[in-house]
Amino acid sequence: MDLGVADHVYVVTGGARGLGRATAEVLVAEGARVVLSGRSQESLDATVAALGSSAVAVAADNAEPGTPARLVDAARSRWGRIDGALISVGGPPRGGVSGERAVSEQQWTESIASVFLGTIRLARVLSAAVCDHGSLAFVLSTSVREPVADLAISNTLRPGLAGMAKTLAAELGPRGIRVNALLPGRVGTERIRELDEATGDADAARAASVRSIPLGRYGEPAEFGRAAAFLLSPAASFVNGAMLPVDGGMTGAI
């Protein structure tokens with residue numbers, strides 16, 4: 001299938017590694033151009049070197065108020081337009097609401113500033129900059145539909161961001177701009193490895209997770225990347241306001 005993204009320009013936050021990089025790789029392979037953001041200049045440089053002249057990078061933190069405008073400026077100065085964006089929401093710290101494993105008030109505050117308000121800020125600025133008939137997609141989590149054990153902050157903030165994305169889909173629809181979200185489950189990224197290792201027995205944690213996945217394995221980043229690139233592309237021109245699980249069937253909620 002031709003995704004129809006040749007010469008289109010996409011902003012990909014968190015594009016230096018994991019799910020963001022996997023999506024950027026698919027978009028570039030399909031002929032698109034990408035503006036990547038991330039906090040590590042070294043990782044960004046390595047990714048741009050791998051993707052070639054179709055990629056540029058901006059070292060930036062989503063929590064910084066000036067980040068969205070910097071990304072817009074980078075896209076317009078290099079290619080003169082923005083056709084869409086993949087807004088990847090960072091992973092907040094582990095922990096519960098109460099008890100010995102409770103996350104601190106400071107962790108709640110920092111996560112609200114970066115994960116929640118940072119994402120909303122990106123959505124507002126990028127949606128105003130995207131060309132008519134473009135698209136936005138948010139990388140959220142299966143916690144939108146089912147709470148994940150020991151991830152209280154994610155379980156709280158991501159459903160709120162899903163509601164924001166759904167609202168934005170209705171607001172931007174008259175411009176032909178589509179807004180969707182992806183709900184990844186256990187995909188083999190550094191973040192998932194860190195979560196498994198944080199349990200104290202990574203092998204046992206992985207085995208337990210695999211038992212809950214009907215396909216019987218973790219996903220590959222490239223599998224997520226293909227799903228995200230499709231949602232962003234004109235090939236998905238009548239998909240709007242959707243929450244797409246990319247989890248091998250793990251989520252039990254309908």
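Leu168 lies in helix H5, where helices (H or I, at least four residues) and strands (E, at least two) are DSSP runs numbered from the N terminus. The structure is a predicted model, in which local features need pLDDT of at least 70 and side-chain atom pairs count only at pLDDT 80 or more, while totals for chains, interfaces and linings use all residues. Residues are numbered from 1 along each chain as its sequence is written, and side-chain values use heavy atoms, with hydrogens and water left out.

At 9% relative accessibility, Leu168 counts as buried, a term that means under 20% relative accessible area, with exposed meaning over 50% and partly exposed in between (1.4 Å probe, protein chains only). When neighbours within four places in sequence are left aside, Leu168 is in contact with Ala123, Ser127, Leu136, Phe138 and Val179, contact being defined as heavy atoms within 4.5 Å.

Two packed helices are described by the angle between their axes and the distance between the axes. The axes are lines fitted to C-alpha atoms, for helices over the stretch in contact, and the angles run from 0 to 180 degrees between N-to-C directions. H4 and H5 pack at an angle of about 15 degrees, with their axes 11 Å apart, and are therefore roughly parallel to each other (angles under 35 degrees count as roughly parallel, over 145 as roughly antiparallel, 65 to 115 as roughly perpendicular and the rest as oblique). H4 passes H5 in a right-handed crossing, meaning that the near helix is turned clockwise from the far one by less than a right angle. Residues meeting across this contact include Ala123 and Ser127 in H4 and Leu168 in H5. By class, the contact of H4 with H5 has 13 nonpolar, six polar and no charged residues, where Ala, Val, Leu, Ile, Met, Phe, Trp, Tyr, Cys and Pro count as nonpolar, Asp, Glu, Lys and Arg as charged, and the others, Gly among them, as polar.

H4 also packs with H3, their axes coming within 9 Å and crossing at roughly 30 degrees, which makes H3 roughly parallel to H4. The contact is made by Thr67, Pro68, Ala69, Leu71, Val72 and Arg76 of H3 together with Arg121, Leu122, Val125, Leu126 and Ala129 of H4, and these divide into eight nonpolar, one polar and two charged residues.

Helix H1 (residues 18-29) packs with helix H2 (residues 41-51) at an angle of about 20 degrees, the axes being 11 Å apart. In this contact, Arg21, Ala24, Glu25 and Val28 in H1 meet Thr47, Ala50 and Leu51 in H2.
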